[in-house]
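Hi,

Here is the structure I promised to pass on. Have a look at it first, then read my notes below.

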Amino acid sequence: MKADYCRFWAETKRDKDRQDMIEKTQNAYTEAMKQAYSSLGANHPTRMALVLNYAIFLFEVVEDKEKACRVADKAHDDFFGSQTSSISLKEIKEAELILQLLKQHVAMWEYDEDDEFE
């Protein structure tokens, strides 16, 4: 939540303040991702939601489409390579919905790039 809060602040700032907030946000997401990867399975909905928010931050705020897509692709690969026995069916369905959102964002980002070159 700290990372998301910082992201929203970064979106409102300009110039040096924006860069400072982006750095704080990046640090917060890095810490959150470390925690999520060490304590939650790849198909856990909280981890998936964190990855979705981080990818959106990378694309919209940092403007790093390649990294945003890499983060989303890794989450997709990890999701399908993980065991599902440790979480409930409800959590699996929630995580699958978040995965669909990730895939939709990546498709939009790739479509936007294709549209620019026409």
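**What I found**

Let's start with helix 2: it has 25 residues and reaches 36 Å from its first C-alpha to its last, close to the 36 Å expected at 1.5 Å a residue. Keep in mind that this is a predicted model.

Which residues of helix 2 are buried? They are Arg18, Met21, Ile22, Thr25, Ala28, Tyr29, Met33 and Ala36. Helix 1 and helix 3 are among the things that cover them.

Next, the nonpolar core. The largest one has 31 residues, and Met48, Tyr54, Phe57, Leu102 and Trp109 have the most contacts inside it. At least two of its residues come from each of helix 1 (2-12), helix 2 (15-39), helix 3 (45-62), helix 4 (65-80) and helix 5 (89-116). Helix 3 is the top contributor, with ten residues. As background, nonpolar side chains tend to be buried together in soluble globular proteins.

Apart from neighbours within four places in sequence, Trp109 is in contact with Ala55, Ile56, Phe59, Lys65, Ala68 and Cys69.

Now for an arginine: Arg47 sits in helix 3. Is Arg47 buried or exposed? With a relative accessible area of 8%, Arg47 falls under the 20% cut-off, so it counts as buried. A polar atom of the Arg47 side chain lies 2.9 Å from the backbone oxygen of Leu40. Again setting aside neighbours within four places in sequence, the contacts of Arg47 are Ala36, Tyr37, Leu40, Gly41, Ala42 and Asp78. Ala36 is also one of the buried residues of helix 2.

Cheers

Definitions and conventions:
Residues numbered from 1 in each chain as written. Predicted model: local features only at pLDDT ≥ 70, side-chain atom pairs only at ≥ 80, totals over all residues. Heavy atoms only, no water. Core = buried A, V, L, I, M, F, W, Y, C linked by side-chain atoms within 4.5 Å. Buried < 20%, exposed > 50% of the residue type's maximum accessible area, 1.4 Å probe, protein only. Helix = DSSP H or I, 4+ residues; strand = E, 2+ residues; numbered from the N terminus. Contact = heavy atoms within 4.5 Å. Expected span 1.5 Å × (residues − 1). Polar contact = N/O pair within 3.5 Å; in protein donor to acceptor, adjacent residues only side chain to side chain.
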